[in-house]
Amino acid sequence: LIGLGISTTYPQAFSAAARLGDRPASENVAAMSTVQTAIGFAYPPLFGLIATDHGIQTSFALIMPLPILAMLLAKRSLGRGAS
């Protein structure tokens with residue numbers, strides 16, 4: 001189920017980045033791609049380091065604010081598209 005959720009949010013994130021009106025769509029998509037690539041390289045070792053030093057429960061607890069932040073930002077981007 002987690003994989004299904006991620007597989008649907010990835011294209012939606014790029015679509016939302018392209019719809020932002022602050023810069024050209026190509027620049028927004030490139031920035032989104034750069035950030036997601038950096039996160040993809042940095043996150044697994046960081047998660048493993050935290051899990052090794054402090055336990056798997058702590059590492060999961062530290063990432064819990066991220067889905068909440070994603071939901072708040074999704075509401076914000078939906079508000080922009082409606083105007």
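Predicted model: local features only at pLDDT ≥ 70, side-chain atom pairs only at ≥ 80, totals over all residues.
Residues are numbered from 1 along each chain as its sequence is written, and side-chain values use heavy atoms, with hydrogens and water left out.

**Stop 1: helix 1 and helix 2**

Select residues 2-19, which form helix 1, and residues 25-54, which form helix 2. Helices are DSSP runs (H or I, at least four residues), numbered from the N terminus. The two pack at an angle of about 140°, and their axes are 7 Å apart. Axes here are lines fitted to C-alpha atoms over the stretch in contact, and angles run from 0 to 180 degrees between N-to-C directions. Helix 1 is therefore oblique to helix 2; under 35 degrees counts as roughly parallel, over 145 as roughly antiparallel, 65 to 115 as roughly perpendicular, and the rest as oblique.

Next, show the side chains of Tyr10, Ala13, Phe14, Ala17 and Ala18 in helix 1, which meet Ala25, Asn28, Val29, Met32, Ser33 and Gln36 in helix 2. Contact means heavy atoms within 4.5 Å. The residues of this contact comprise eight nonpolar, three polar and no charged. Ala, Val, Leu, Ile, Met, Phe, Trp, Tyr, Cys and Pro count as nonpolar, Asp, Glu, Lys and Arg as charged, and the others, Gly among them, as polar.

**Stop 2: helix 2 and helix 3**

On helix 2, select Tyr43, Phe47, Ile50, Ala51 and His54; they meet Ile56, Thr58, Ser59, Phe60, Leu62 and Ile63 in helix 3. This contact has eight nonpolar, three polar and no charged residues.

**Stop 3: the aromatic rings**

Select Tyr43, Phe47 and Phe60, which ring pairs link into a cluster. Rings of Phe, Tyr and Trp (its six-membered ring) pair if their centres lie within 6.5 Å; planes under 30 degrees apart count as stacked, over 60 as edge-to-face and the rest as tilted. The count comes to three aromatic pairs. One of them, Tyr43 with Phe47, is tilted, at 5.5 Å centre to centre and 40° between the planes. Because Tyr43 and Phe47 are four residues apart in helix 2, about one helical turn separates them. Tyr43 is partly exposed at 31% relative accessibility, whereas Phe47 is buried at 18% (buried means under 20% relative accessible area, exposed over 50%, partly exposed in between, with a 1.4 Å probe and protein chains only).

Phe47 also pairs with Phe60, edge-to-face, at 5.2 Å centre to centre and 65° between the planes. Phe47 lies in helix 2 and Phe60 in helix 3, so this pair ties together parts that are 13 residues apart in sequence. Phe60 is partly exposed, with a relative accessible area of 44%.

**Stop 4**

Move to Ser59 in helix 3, which is buried at 1% relative accessibility. Not counting residues up to four places away in sequence, Ser59 touches Phe47, Ile50 and Ala51.

Finally, select Gly3 in helix 1, partly exposed at 49% relative accessibility. A distance drawn between the C-alpha atoms of Gly3 and Leu49, 46 residues apart along the chain, is 23 Å.
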